[in-house]
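Here are my notes on the model, as numbered points. Please read them with the structure open.

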Amino acid sequence: MGIDWSTRLAARTRTQQDLLGGILALANARGVVNFSGGFPDLALFPTGTVADIARDLLADDAAIALQYAPSEGIESTRHAVADLLLAEQGHRPADDELMITSGGIDAVTLIAKSMLDPGDVVLVEEPSYLGAVSGFAAFDPRLRSVPMDDDGLDVEALAALLASSDVVPKLLYTIPDFQNPSGRLLSAERRTALVELCSRYGVLIVEDVAYRQLGFTAEQHPSLWSLNPDAVVQIGTFSKTFFPGVRLGWAAGPAEIVAHLVVAKQNSDQCAGALGQRMLEEFLRAGHFDAHLPRARELYRGRAAVMLGALAEHFDGLGTWTAPRGGFFTWLRLPGVDTTALAVRAREASVAFVPGAGFFADRVDHEHLRLSFSRVSEPDIDLGVGRLAAVVRTMRGA
Ligand SMILES: Cc1ncc(COP(=O)(O)O)c(C=O)c1O
C-alpha cells in the first residue's frame, strides 16, 4: 500500500497553497492573452550583449565566474551595485551594508528566516505581492494588513494601528514604487512620515523596489532606504530590468541585519550564481544598463497607455481600476463579480489574469483582479481586455 506522504509534511506546509504555480505554468502558454505574471517582455532581453559578455567571461574570468561565490556576493559585483544605488538613489551602502541575493524573493526569505519567530507580527499592504506574503507566511508570523489609497500605503491608518496595538510588529513590508499588484506610487510626503513613524516604534521597514526603475516619467520620489538607511532594508531585483533567468537581486540595510542575512544564505543556496553576478557587473559597468532602462520604460509606458484606453472602452460601467505611472500592473475592482470564478471562465475565452484573493493577507476578497500589461503586445492588450469584458458581462447576465 502506498504511503500517505501528506502525514509526513510539516504542519506549516500542509496549509500552504500553490498560488504562484499557476502563474509560472502559464509563462509560455500559446494562444492565450496572458495578463497574469509580472513578466518582462522578451523583446527587451539583451541577448546579443549577454552572449558577448558570457563569451569574454568564459575566456578570461572562468576562475571567478564558474566558481562558488562568497555568500554576500562577489566583491566587484557588490561595488557595481553600490555604485548603481548611489547614482539612482543618492546614497551608497558601505561594504557591509549590501549583499547580492538570488533575486527579490530570496531576499524576502532571508529576512523572514533571520528575523521572524512564530507569532511575530508582520505588516503588509492591502493588497500586497503574493509571493512575498507567502514567503513571510512560511515562517508562521501573524500577518496584519495596512490599507492603501491612491497615494499608496495609508500612513495615518498605520499610525493608528501602531498606537492601538499592544505588540510592536517586527517589520513592515512595503512596495512604494508602482506597487504589485496595484501599480500605486507612495507619495513623497508619506515617505518621510512613514520612515519617521516606523523609526519611532522600532519597526523595521522592508522596502521592495522591484519596479522603481520602471517609472513612465522622470518623476521619482526618494527611496525609503535613502531617507533612513539605519531603519530600512531595501530589497531589489534585476529580474524586471535585466532578465529573470539570471535570478539576481540585492539587500541593502543596516550592517547588523545584512550580516545575519548573509549567514541565512549560507544555509540556503549559499551564494547567488557567480556567472550571473559577473555578467550583471559587466552589463552595469559598460553602461548597457543605463542605455537599456529608457527602452524598457518606453515599451511599458506604451503598453500601460493602451491598457488604460482598452479598459476605458470595454469596461465602462463594469468597475474601477488604477492608473499606474510605472511598473507592470493595473488593479481592477469589479463589484459583484467573483474574480476567482471569472479566471476560470476567462481561460475558456483564452485570457489569463490573477484573481485578487491571493493578494490579501488577512481578509477574504473576491472582487479584485490584477492585469499585467508588461508582456502583451499592444494589439493583444485591446483584444484580451475586450474578451475579458465580454466574459464579465455574461457572468453578470447583462
Ligand atoms: C514586488 C516584487 N518583489 C519581488 C519579486 C520577485 O523578484 P525575483 O524574480 O527577483 O525573485 C517580484 C516579482 O514578481 C515582485 O513583483
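1. The ligand site. The ligand is surrounded by 15 residues, and the closest are Gly103, Gly104, Ile105, Thr237 and Ser239. A residue counts as near a molecule or strand if its C-beta atom, placed from the backbone, lies within 6 Å of it. Helix 6 (104–115) and helix 7 (130–137) each give at least two residues to this shell. By class, the shell holds 6 nonpolar, 8 polar and 1 charged residues. Nonpolar here means Ala, Val, Leu, Ile, Met, Phe, Trp, Tyr, Cys and Pro; charged means Asp, Glu, Lys and Arg; the others, Gly among them, are polar.

2. Basis of the model. This is a predicted model: local features need pLDDT of at least 70, side-chain atom pairs count only at pLDDT 80 or more, and totals for chains, interfaces and linings use all residues. Residue numbers start from 1 along each chain as its sequence is written.

3. Overall build. The protein has 15 helices and 14 strands. These are DSSP runs numbered from the N terminus: helices are H or I with at least four residues, strands are E with at least two. The radius of gyration is 21 Å, which agrees with the value near 21 Å for a compact globule of 398 residues. That radius is taken over C-alpha atoms, and the globule rule is 2.2 Å times the number of residues to the power 0.38. Along the principal axes, the C-alpha atoms fill a box of roughly 65 × 65 × 55 Å.

4. Of the 398 residues, 46% are buried. The test counts other C-beta atoms within 10 Å of a residue's own, with C-beta atoms placed from the backbone: 20 or more is buried, 12 or fewer is exposed, and in between is partly exposed. Among contacts with a separation of 6 or more, 76% join residues 24 or more positions apart. A contact needs C-beta atoms, placed from the backbone, within 7 Å.

5. Two domains. The protein is divided into domain 1 (15–44 + 290–395) and domain 2 (63–286). The bounds come from an automatic or database domain assignment. Taken over C-alpha atoms, the domain centres are 25 Å apart. Contacts link 29 residues of domain 1 with 30 residues of domain 2. On the domain 1 side, helix 13 (288–314), strand 11 and strand 14 each supply at least two residues. Helix 13 gives the largest share of that side, 6 residues. The classes on the domain 1 side are 14 nonpolar, 9 polar and 6 charged.

6. Which order do the 4 strands of the open sheet follow? The order is 10-11-14-13, with antiparallel pairing. Strand 10 (320–321) and strand 13 are the edge strands, and each pairs on one side only. Two strands pair if DSSP finds at least two bridges between them. Strand 10 and strand 11 (residues 329–333) are joined by 2 bridges. Threonine 320 has arginine 333 in strand 11 as its bridge partner.

7. Cis peptide bonds. Please check two. The bond from glutamate 126 to proline 127 is cis, with omega near 5 degrees. Proline 127 sits in the loop between strand 3 (121–126) and helix 7. Asparagine 180 and proline 181 are also joined by a cis bond, with omega about 15 degrees. Proline 181 belongs to the loop between strand 6 (171–174) and helix 9 (188–201). Most residues other than glycine have a negative phi, and most peptide bonds are trans.

8. Positive phi. Aspartate 140 is not a glycine, yet its phi is positive, about 60 degrees. Its loop lies between helix 7 and strand 4 (142–149). Aspartate 140 is partly exposed because 15 other C-beta atoms lie within 10 Å. Glutamine 270 has a positive phi too, near 75 degrees. Glutamine 270 is in the loop between helix 11 (255–266) and helix 12 (274–285). Its 12 C-beta neighbours inside 10 Å make glutamine 270 exposed.

9. Aspartate 362. Is aspartate 362 buried or exposed? Aspartate 362 counts as exposed, because it has 11 C-beta neighbours inside 10 Å. Its place is the loop between strand 13 (354–355) and strand 14 (368–372). Leaving out residues up to four places away in sequence, aspartate 362 touches Leu143, Arg144 and Ser145. The C-alpha atoms of aspartate 362 and serine 145 are 6.6 Å apart, although 217 residues separate the pair along the chain.

Note on methods
Two residues are in contact if their C-beta atoms, placed from the backbone, lie within 7 Å.
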